[in-house]
Amino acid sequence: PGFFPAVMPPLAAFAMPPQTMTQQATRHARQVYVGGLPGLVNEQTIATFFNQVMVNVGGNTAGPGDVVVNVYINQEKKFAFVEMRTVEEASNAMALDGISFQGVSVRVRRPSDYNPSVAANLGPSQPSPSLNLAAVGLTPGAGGGVDGPDRIFVGGLPYYLTEPQIRELLESFGPLRGFDLVKDRESGNSKGYGFCVYQDPNVTDVACAALNGLKMGDRTLTVRRATANGQQAGQDHAHILSLAKSLTMNGVFPDEGATRVLCLKEAVLEAELIEDEQFDEILEDMRDECGKFGTVLHLVIPRPSQAAEVDGVGKVFVHFEDTGAATRARISLNGRKFDGRAVVATYYPEEQFMVGDFSG
């Protein structure tokens, strides 16, 4: 007895220095993702650039010295993770989104492992309002930051939707202050979810109520506040749901100029419509695909004829039950590739469609 304790070092001998523990605990909040980098950059040029820019805007709040302590760069994918010396300086760097680096506008974002609820206890999560962004050619408030109490999680996004298409859907409720589509670091493909913040905080709960549960192709959107406190204080939940439903039913969401009829160009070729069997297959495929967005009342694909010229050959006309379905289909199908052709989806006047006028 007493032998082993005598030879074992005290437990405190294995403890990390307080500074090391602090660095590890705050690393996820001190890292910054920088995407869209120009080709000829390395760790040193990135560090030098951000060190200088942070001095210029007044973002080096921890005092003299370099704000960048480490840089990891992926040359193939043209992105880097830049580790700042403090949480506050990393938050200040969020205001640099869109800054020109060697003639290229780069994206400055939080890394995918950033946890806003944990980071809130480590330091400021928003850039300082006193930053002199004009010194580096940026406009205050124009950055794409998606942090804060009104941050929205958008999940269940179809993988084929592009960033502009998703923005178009979200911005039907109002301008965005920022939007981040989360992508795979290796392939660069969408992971099917992202985060956004509206410029007007009052839009937040209305957008969540209207978009949550929305069918987009074969997926269903999950849209909710990303923060734990849920509903905004003072907002009446029943009123929000009623307003969201009203917007959807009246066709204000998402497009004010929407009709129930879509015209799809570049979806089919004239040569594919001649044989009856091939035509029937195309008709069925189109009906199935468009049916993912809502009830299809009629689907017309004009066919070529040797007897007379036929209007609308090479186009597909889809009549939906409501404008919401037509809008979802337009956003999702516009730009989609069919046999290497990019589809163009536009609204078509219902009056013309109803009388069989496909000349538009």
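Which residues in α10 are buried? They are T323, G324, A325, A326, T327, R328, A329, R330, I331, S332 and L333.

## Basis

This is a predicted model: local features need pLDDT of at least 70, side-chain atom pairs count only at pLDDT 80 or more, and totals for chains, interfaces and linings use all residues. Residues are numbered from 1 along each chain as its sequence is written, and side-chain values use heavy atoms, with hydrogens and water left out.

## Helix α10

Helix α10 spans residues 323–333 and is mostly covered, with 11 of its 11 residues buried. Buried means under 20% relative accessible area, exposed over 50%, and partly exposed in between (1.4 Å probe, protein chains only). Helices (H or I, at least four residues) and strands (E, at least two) are DSSP runs, numbered from the N terminus.

The buried residues of α10 pack against several elements, including α6 (163–170), α9 (276–290) and β15 (315–320). Contact here means heavy atoms within 4.5 Å. At the helix start, a side-chain oxygen of D322 comes within 3.1 Å of the backbone nitrogen of G324. Just after α10, G335 has a positive phi of about 95°.

## Aromatic rings

The whole structure holds 12 aromatic pairs. The pair Y72 and F81 is stacked, because the ring centres are 6.5 Å apart and the planes lie at 20°. Rings of Phe, Tyr and Trp (its six-membered ring) pair if their centres lie within 6.5 Å; planes under 30 degrees apart count as stacked, over 60 as edge-to-face and the rest as tilted.

Y72 is partly exposed at 48% relative accessibility. F81 is buried at 10%. Ring pairs join Y33, Y72, F79 and F81 in a cluster.

Methods:
A polar contact is a pair of N or O atoms within 3.5 Å; within protein, one must be able to donate a hydrogen and the other to accept it, and residues adjacent in sequence count only if both atoms are side-chain atoms.
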